[in-house]
Amino acid sequence: AMPRKRKEQAEEEEGEEEGEEALHNSDSEEGDFKAPELRRIPTAELDEYEKLIKKHAQENNLNSVYIDSTIVDILKREPCILGIDEAGRGPVSGPMVYGTCFCPKSKEKELKASGFADSKQLNEERRDSLFEVIKGATDYMGWSVRILSASEISAGMLGRTNYNLNMLSHDTAISLIRRTLDAGVQVSEVYVDTVGKEDIYSKKLQLLFPDLKITVTSKADSLFPIVSAASICAKVVRDREITLWRFAETHLKDEAYELGSGYPSDPNTRRWMETNVDRVFGFPSIVRFSW
């Protein structure tokens, strides 16, 4: 049977698509496993961030990690805008990735001219291209992602005290804001794509960050280019995680990589889950047992 989605999340998730940080506990054995080819990376040589994504997907995917860009001086001198969005909230498989992107308010024209839009409305090639733009804008832009493993999502949802996806989403957004502030970025305005009721989420953030101007709204990724940029970071990183995924379950065959979209409504995903469930141990670790 498919893992069952919590009732309190159903309305929220309906129709939704979904520097270097140390990667902890990366002690998996190489074994005889042959990793899938790196299919989606647009550049011939992997930069340091792509290497971190690959390392997590293939050696450390049971854990959640941050990946951070370098913080340049202008981000510490000028008032900055910051956007937050996620990818992978609705799928039954793989991580949920939260992204944040930030730049000086004085650079909003350059940001708009770059053509950022909601990542869900862009094809893969365009998203990859814009992620390269973000990584290449080292003179005025910074970004971070938090990769939340399927294991962490399942553990929270199935714990003795329910830690639902809304709570996890809020706490992750809060951690990204704090992380950016702690890095010395002069954040003055924050734009967030809402999770749950806008007014409740907005008040929660405003109480925690009283000195910041907070805007929480639905479809923020379509309204604010800085949120669109965050959405692209989240979506591209999640896609690459899935593409590069190395299963901890070494008995799985090559067909295990035919995951489909990861959404429970996808026949290919349902077929994959029915094929790869173990009667004793359940689903492979890429699957969320509850979400």
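**Burial, pairs and packing**

Reader: Is Asp68 buried or exposed, and at what relative accessible area?
Author: Asp68 is buried. Buried means under 20% relative accessible area, exposed over 50%, and partly exposed in between (1.4 Å probe, protein chains only). The value for Asp68 is 12%.

Reader: What pLDDT do local features need here?
Author: Residues are numbered from 1 along each chain as its sequence is written, and side-chain values use heavy atoms, leaving out hydrogens and water. The model is predicted: totals for chains, interfaces and linings use all residues, side-chain atom pairs count only at pLDDT 80 or more, and local features need pLDDT of at least 70.

Reader: How many residues apart in sequence are the parts tied together by Arg179 and Asp68?
Author: Arg179 and Asp68 form a salt bridge, with the closest N and O atoms 2.8 Å apart. Arg179 lies in helix 7 (residues 165-182) and Asp68 in strand 1 (residues 65-68), so the pair ties together parts whose separation in sequence is 111 residues. Helices (H or I, at least four residues) and strands (E, at least two) are DSSP runs, numbered from the N terminus. The separation, then, is 111 residues.

Reader: How many residues apart are Glu50 and Arg240?
Author: Glu50 and Arg240 form a salt bridge with the closest N and O atoms at 2.2 Å. Glu50 is in helix 2 (residues 48-59) and Arg240 in helix 10, so distant parts of the chain are linked. Both residues are buried. Their separation is 190 residues.

Reader: By about how much of the helix are Glu59 and Lys55 separated?
Author: Glu59 forms a salt bridge with Lys55, closest N and O atoms 3.1 Å apart. Glu59 is partly exposed at 25%, and Lys55 is partly exposed at 32%. Both sit in helix 2, 4 residues apart, which means a separation of about one helical turn.

Reader: Over which ring does the charged end of Arg146 sit?
Author: A charge sits over a ring if NZ of Lys or CZ of Arg is within 6 Å of the ring centre and within 35 degrees of the ring normal. Arg179 lies over the face of Tyr66, at 4.0 Å from the ring centre. Arg146 has its charged end 4.3 Å from the ring centre of Tyr66.

Reader: What type of aromatic pair do Tyr49 and Trp143 form?
Author: Rings of Phe, Tyr and Trp (its six-membered ring) pair if their centres lie within 6.5 Å; planes under 30 degrees apart are stacked, over 60 edge-to-face, the rest tilted. The structure holds 5 such pairs. Tyr49 and Trp143 have centres 5.0 Å apart and planes at 70°, which means edge-to-face.

Reader: Which residues form one aromatic cluster?
Author: Both Tyr49 and Trp143 are buried. Phe131 and Trp143 are edge-to-face, because their centres are 5.5 Å apart and their planes are at 65°. Phe131 lies in helix 5 (residues 124-136) and Trp143 in strand 4. One cluster is formed by Tyr49, Phe131 and Trp143.

Reader: Within what arc do the buried residues of helix 11 fall?
Author: In helix 11 (residues 267-276), Thr269, Trp272, Met273 and Asn276 are buried. Seen down the axis, they line one face, because the directions from the helix axis to the C-beta atoms fall within an arc of 95°.

Methods. A salt bridge is a side-chain nitrogen of Lys or Arg within 4 Å of a carboxyl oxygen of Asp or Glu.
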